[in-house]
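Hi everyone, thanks for making time this morning. I'd like to walk you through one structure, so let me bring it up on the screen.

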Amino acid sequence: DVTGKGSNWDGGLELTNHSEFRHHNYGDMELFLRKYSSEYTSITHLYSVGHSVEGRELYVMVISDNPNIHEHGEPEFKYIANMHGNEVVGRELLLNLIEYLCRNYGTDPEVTQLVNNTRIHIMPSMNPDGYEVAKEGDANGFKGRNNFNNIDLNRNFPDQFFPNTVVRQPETLAVMSWLSSIPFVLSANLHGGSLVVNYPFDDDKDGNTHYSPSPDDAVFQMVARAYSQENSLMHKGHPCEDRYPGEYFEDGITNGAKWYTVRGGMQDWNYVNTNCFEVTIELGCYKFPKAQDLPQYWEQNRRALLQFIHQVHVGVKGTVSDARDGSGIPNATISVEGIHHNVTTALTGDYWRLLVPGTYSITATAHGFKPVTIYATVQKGHAEQVNFRLSRLSSDNNDPSTSVPHVTQSPSDIALESLIKELSLGQGLEQLVRSTATESSFRYRRSKELSAFLRGLTLNFPKITYLHRYTSLFSFTTPLWSSEEFLSIR
């Protein structure tokens, strides 16, 4: 374990014996993860998302009250560290965090609440090959930074502004596949070499160093501050004064491109291509500090690590379901008026949308359904429940509330339907349109003929048309029924 105390140690809510904090090479890390996975089976699940160039597992530890599956309504959160192999503080902090969450679950209210209501994924090392060649005591070097193929993994993701011609690495591909398979909501990528929380965007279309805000700039500032405010040294905004005396970050946060541009970075790829909001956290001025300094890093970041997980529970959340039977609608789109960035629902229709406090117009849309818009007010530190029930656009004979009454077809209707189907084959319909596109085709149609014509349109263009029938009683003295048809084109 991190402290070397053994599995029977009862140290309360803190990791207090700092003398035995140490660095973990790949073998040590693997043993550590397996140990906690076997000792805390009810709240942990250990898995691998793939392999490094040299074949090392890219391990992830899940910690949750139901760790093996995605629970409907429970957000997915992740921490990733050691993307640069010689930046090791994050690797050790995440091992500390695994131990802390496991040992304090069921006794500490905050830990218990987080584990019960969040599925927390922790990847201590994305670049285990680089770590194995890095050297303890390296302050700002490059040995071990890149993967075994000497590729910087944080320049290896597809970039939204510039083509990335570098061959995608196994570690990168594994993480991209992983992020596409789980509906992550919030994430942090832990680095070293400075002391600041860096948020998207990391570059811009002109490639220059200046502020490059994402559509969710306010959200990113909020979650970034949530971390920096719990790390007093970071929040002061003067990192590494002995090395970079002129550097200053207000509140300990910065827009990535305002600091320096990064093309092909992981945090921007997360935001642009998935539902996940990711920031990059620089944990200290020394990339590979001595083991004796690790307790200090833990004390500086323990509260911040927990507070950042809490941020996954802000904004709005809920379910988009089919009004007909209540089933969840997967891949429905959640859009917020004024913010040009959408998220989509998971397989069972649940969604999460991070937002700063305020009132919003939120719309849920899905193929084949009528959009629904709801106004919601977001409170600080709270996720507002906003559920959507969407009605189908097309008729469904199993649902009397949405179905069109069945009409018995006359012989002329059957002939018309047969003709339309015949014309739909090959170029028949196109030829018919060309042959009748003259002034003489514009004429009045009697009611029965018009009804047949409209039904013909719905038969030939079922994806964009829907025929409604409206029946009403309009006589004041004699029961007299009127039936009218309306054609919707979408």
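By class, the residues around the largest cavity are 7 nonpolar, 1 polar and 2 charged. Keep in mind as we go that this is a predicted model. So who are they? The lining is made up of Pro75, Val312, His313, Val314, Val316, Lys317, Trp352, Arg353, Leu354 and Ala383. Two elements give two or more residues each to that lining: strand 9, residues 315-322, and strand 12, residues 350-353. The space inside comes to about 40 Å³, and a search of the whole structure turns up 1 cavity of 30 Å³ or more.

Let's move to another spot. Which residue does UniProt list for "active site"? The answer is Glu282, and please note that the entry is unreviewed. You'll find Glu282 in strand 8, which covers residues 277-284. Is glutamate 282 buried or exposed? Its relative accessibility is 6%, and buried means under 20%, so glutamate 282 counts as buried. As for its neighbours, leaving out residues up to four places away in sequence, glutamate 282 touches the run His191, Gly192, Gly193, Ser194, Leu195 and Val196, along with Met234 and Trp259.

Now let me zoom out to the whole protein. There are 13 helices and 18 strands, and of the 490 residues, 50% count as buried. Among contacts with a separation of 6 or more, 70% are between residues 24 or more positions apart. Finally, the accessible surface is about 23,000 Å², with 52% of it belonging to carbon and sulfur atoms.

That's my tour, and I'm happy to take questions.

Note on methods: Residues numbered from 1 in each chain as written. Predicted model: local features only at pLDDT ≥ 70, side-chain atom pairs only at ≥ 80, totals over all residues. Heavy atoms only, no water. 1 Å grid on protein atoms, 1.4 Å probe; cavity = no way out; pocket = protein on both sides within 12 Å on 5 of 7 lines; lining within 4 Å. Points joined across faces, edges and corners; volume = space filled by probe spheres on them. Helix = DSSP H or I, 4+ residues; strand = E, 2+ residues; numbered from the N terminus. Nonpolar A, V, L, I, M, F, W, Y, C, P; charged D, E, K, R; others polar. Buried < 20%, exposed > 50% of the residue type's maximum accessible area, 1.4 Å probe, protein only. Contact = heavy atoms within 4.5 Å. Areas by Shrake-Rupley, 256 points an atom, 1.4 Å probe, with all protein chains shown as cover. UniProt positions renumbered as here; feature names shortened; annotations may be inferred.
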